Amino acid sequence: MAAPPSLPIINIAPYLTTDDPAGRARVSQELHEACSKYGFFYLDFTSLIDLKEPEDLSDLGRAFFQLPEEEKLEISLSNQDGARGYARLKENMTMGKADNHEGLDFYRPVSDPDETKPLWGENQWPTSMPQLETAFMGWTEKMKRLGMILMEAMSVGLGMTREEWKKLRAQVDESFWVMRIIGYPPLPGDADGYSCGAHRDYGCLTFLYADETRNALQVFQPGKRSANKRHLDGLPAEEGEGEGEGHWIVADPIPGCFVCNVGEMWEIWSNGLYKSTLHRVIHRSSNYRVSMPFFFEPNFDAHVKPLAAALRIQEKDPQLAPSKAYDPVTYGDFLLGRVSNNFSM
Ligand SMILES: O=C(O)CCC(=O)C(=O)O
Ligand SMILES: [Fe+2]
């Protein structure tokens, strides 16, 4: 049997200097290919970030989850806008089933917080661990910078002109980012659900740092028969259906790399060239797994619609035409819809 395909590793280093145009062109091409083929890739971050930093953050996250439940519940997301704060074990639902994880979510702060408005409250932090806010807010600054760098590299990969990139940049330069720290106890053998059920990320780019646990995160690769089908209505049809329907590949952590993926906004911008790929977590090992996704998203008021550069590619090669029409969305409205559904799609 052929070895299962594994995701490509892309090193962003040429975009951190100004004197490597050939390297930049190569990275942009690699991004284009990875986003077209998988919607997922590993991003080597070692030229930008010291390996120890996310490890320390992950330890802090783990220490937070070890606090007594009453203390964690003091910052429950129900105190605020329903989105910012602590979600207890199984509070998050995907496709109507409880996910076997707990989490601490925080978002871009807003200048006029109002806890009665969905998403518009204030971030909440545990009083007994003041270092959490400082450390994680520092991390989000780095992740925003990385997001902008990657967006620029992807604009080149899609064949955008400098003018077109400037317009796209203005849609993401005040990213309404989200960060989650997720804690996964082992999934019981008889659980009716997953550690995190199959879903697509809804925004722009996800940078996931996860601890060294293996065999947890899985990424769906559609087969020939399922390539044009949308798998929104439950789990994909691959299981038990043999050849052609696609399969799940494991995306184990690689030291010094994020697992990166494109969300639904990139699928719209690219008019379906880049796939917002289904993924899920099944964590059955005996340890407590910690992961920390940073979601680099468009601005709240960004108007997202297929980009001319994607349409040019599809005009040249009609085989790349999308199998469905991509309607424009305003990111904030789209996000509100998704958050209120709590991963129901
Ligand atoms: O924990 C993971 O590996 C993935 C989490 C995830 O997919 C998400 O929060 O969107
Ligand atoms: Fe996800």
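**Entry 1: the shell around ligand 1.** I looked up which strands supply the shell around ligand 1 in this predicted model. Strand 7 (178–184), strand 9 (205–210), strand 13 (279–281) and strand 14 (289–296) each give at least two residues. I then listed the surrounding residues: Arg-180, Ile-182, Cys-196, Asp-201, Leu-208, Ala-210, Leu-217, His-279, Val-281, Ser-291 and Pro-293. Sorted by class, the shell holds 7 nonpolar, 2 polar and 2 charged residues.

**Entry 2: one strand pair.** I examined strand 10 (residues 217–221), which is joined to strand 11 by 4 bridges, the two running antiparallel. Within this pair, I found Val-219 opposite Ile-249 of strand 11.

**Entry 3: the whole protein.** I noted 8 helices and 16 strands in the secondary structure. The radius of gyration is 19 Å, close to the 20 Å that the globule rule gives for 345 residues, so the protein is as compact as a globular protein of that length. Along the principal axes, the C-alpha atoms fill a box of roughly 60 × 50 × 40 Å. Of the 345 residues, 41% are buried. Finally, I looked at contacts between residues at least 6 apart in sequence: 79% of them join residues at least 24 apart.

Conventions
Residues numbered from 1 in each chain as written. Chains lettered and ligands numbered in written order. Predicted model: local features only at pLDDT ≥ 70, side-chain atom pairs only at ≥ 80, totals over all residues. Rg over C-alpha atoms; globule rule 2.2 N^0.38 Å. Buried ≥ 20, exposed ≤ 12 C-beta atoms within 10 Å, placed from the backbone. Contact = placed C-beta atoms within 7 Å. Near = placed C-beta within 6 Å. Nonpolar A, V, L, I, M, F, W, Y, C, P; charged D, E, K, R; others polar. Pairing = 2+ DSSP bridges.
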